[in-house]
Amino acid sequence: MKLVVRTVLNRVERQNYPISDMIFRAQQLVSHISHDMTLLPGDLVCGTSIGVGAMKELVNTVTIAIDGIDVLTNEFRQQSPCATS
């Protein structure tokens, strides 16, 4: 089965690539991350490569989907700029 990662930012697909194109294997990523923090059963490691673009809206929705595995959607809220007087 060829696994494909899709990244959607605010309903616009920004990435669509096979995981075989990843520079680092998943095992390497988990190893590197575990040197900086404790990973527990059930923790989710998620990232993306270049090409998604900046999150410019006050509310941004990012969806990562791997066909045949699952879909993860997160909403990121940026703090409104403070009004100065």
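Colleague: Let's start with N60: which backbone oxygen does its side chain reach, and at what distance?

Modeller: The side chain of N60 reaches the backbone oxygen of E57 at 2.6 Å. Before we go on, this is a predicted model, where local features need pLDDT of at least 70 and side-chain atom pairs count only at pLDDT 80 or more, while totals for chains, interfaces and linings use all residues. Residues are numbered from 1 along each chain as its sequence is written, and side-chain values use heavy atoms, with hydrogens and water left out.

Colleague: Thanks! How do I read a polar contact, and which side chain does the side chain of N60 contact?

Modeller: A polar contact is a pair of N or O atoms within 3.5 Å; within protein, one must be able to donate a hydrogen and the other to accept it, and residues adjacent in sequence count only if both atoms are side-chain atoms. Here, the side chain of N60 makes such a contact with the side chain of N10, at 3.0 Å.

Colleague: Is N60 buried or exposed?

Modeller: Buried means under 20% relative accessible area, exposed means over 50%, and partly exposed lies in between (1.4 Å probe, protein chains only). N60 is buried because its relative accessible area is 0%.

Colleague: Where is N60 found, and what is its bridge partner in strand 4?

Modeller: Strands (E, at least two residues) and helices (H or I, at least four) are DSSP runs, numbered from the N terminus. N60 is found in strand 3, and its bridge partner in strand 4 is F76. V62 stands opposite N74 in strand 4. Two strands pair if DSSP finds at least two bridges between them; strand 3 and strand 4 pair in the antiparallel sense over 8 bridges. They form a hairpin with 3 residues between them, and G68 in the turn has a positive phi of about 85°.

Colleague: What order do the strands of the open sheet have?

Modeller: The order is 2-1-3-4, with antiparallel pairing among the 4 strands. Strand 2 and strand 4 are the edge strands, each pairing on one side only. From one strand to the next, the twist averages 15°, using axes that are lines fitted to C-alpha atoms (for helices over the stretch in contact) and angles from 0 to 180 degrees between N-to-C directions. As a general idea, in a regular strand the side chains alternate between the two faces of the sheet.

Colleague: On to charges: how many salt bridges are there?

Modeller: A salt bridge is a side-chain nitrogen of Lys or Arg within 4 Å of a carboxyl oxygen of Asp or Glu. By this rule the count is 3. E75 and R77 meet at 2.9 Å; E75 is partly exposed at 47%, whereas R77 counts as exposed at 62%. Salt bridges that share partners join R6, E13 and D67 into one network.

Colleague: Why does R6 count as partly exposed?

Modeller: R6 counts as partly exposed because its relative accessibility is 24%. E13 is in that class too, at 43%, and D67 counts as partly exposed at 43%.
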